[in-house]
Amino acid sequence: MMTDDLLRAQLPHTLRQLDLPALGQLYRGKVRDNYSRGDRIVMVTTDRISAFDHVLGTIPFKGEVLSRLTAFWFERVKDLAPVHLVEVPDPSVMVVKRAAPFPVEIIVRGYITGSLWRDYQAGKAGAYGIAWPAGLRKDQRLDQPVVTPSTKAEYGRHDEPISEGEILRQGLVAPAVWGEAKKVALLLFARGQEWARSRGLILVDTKYEMGTSEGRLLVIDEIHTPDSSRYWMAEGSEERFERGEEQRMLDKENIRQWLIQKHGFSGQGTPPPLTDEVRVSLSRTYLNLFERLTGETFRSEVGSVEERIKRNLAAAGYPVDS
């Protein structure tokens, strides 16, 4: 078991970034450092935490949790759609098949909460091309899951809502491919919700990244992680909703609410620094979700994530020296 003392001991060893140019051409995203060569990408999931399109700092073992959970989920949904995973040479690294990614994210929602609720309150939810009924309440379950796509902005800029009609009008995704992607996304979400229920959780909403390779649709990036998804504790959820209380969350929304409620920050200006207490608390949240979803006790070594990755990549035959 990873105690809070072990999480604190890992604070100075978290992975902010990995610079290994021998692996290929680097693309550094908000959380991942991706090295491309040929038709393969070495996808390194760092410990960076981002919110409201700002990188805030690092969280102990976060990259490992995301990577291991993605591999866990890919194994459980590969009968629904092809995935891009090739191999896992390190707990924080996935080698994946290169795909041409969609320029939009496919977000599936089962409840009105988070950014959708904020848009609904502000009268901006119509940007998704959906006629939302009046009188919805925060955290209310929707009659059926809905797809609310968003654009994919560069770092420092905000993703924006976009409708299916606008995606097709702009030619961002071919109609037949978009139709298949929507169908796959809803199937993945249903599978995720079913598994979450069996583990005492609610998969509230999630983001999917998809692309094409050799004319075939692929599910890429990450899936059903606490970064890309919202999870609530199922026990007492209905009662909390009826009382108007906050849900018990096991995902990144915790850090968003800390930013909004404690610091009044929602993306404008400079974000506040993360305290070690907040970093350890969020790490504990991510580990709790990992253990609930997988049924495994999370174990890892305290120490340099960078050195461990280099050792494991070298052992798997990947170049790590320039």
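Here are some questions and answers about helices, contacts and a cavity in this predicted model.

This is a predicted model, in which local features need pLDDT of at least 70 and side-chain atom pairs count only at pLDDT 80 or more, while totals for chains, interfaces and linings use all residues. Residues are numbered from 1 along each chain as its sequence is written, and side-chain values use heavy atoms, with hydrogens and water left out.

Q: What makes the link between Lys 78 and Glu 75 a polar contact?
A: A polar contact is a pair of N or O atoms within 3.5 Å, where one must be able to donate a hydrogen and the other to accept it. The side chains of Lys 78 and Glu 75 are joined at 3.0 Å, and Lys 78 itself lies in the loop between helix H2 (62-77) and strand S6 (85-90).

Q: Where does Arg 284 lie, and what is it in contact with?
A: Arg 284 lies in helix H8. Leaving aside neighbours within four places in sequence, Arg 284 is in contact with Met 2, Thr 3, Asp 4 and Leu 7. A polar atom of its side chain lies 2.3 Å from the backbone oxygen of Met 2.

Q: What lines the largest cavity?
A: A cavity is a set of points on a 1 Å grid where a 1.4 Å probe fits but cannot get out, and lining residues have an atom within 4 Å of a point. Asp 47, Phe 61, Glu 64, Ser 92, Val 305 and Arg 308 meet that description.

Definitions and conventions: Helices (H or I, at least four residues) and strands (E, at least two) are DSSP runs, numbered from the N terminus. Contact means heavy atoms within 4.5 Å. On a 1 Å grid over the protein atoms alone, a cavity is a set of points where a 1.4 Å probe fits but cannot get out, and a pocket is an open set with protein on both sides within 12 Å along at least five of seven lines; lining residues have an atom within 4 Å of a point.
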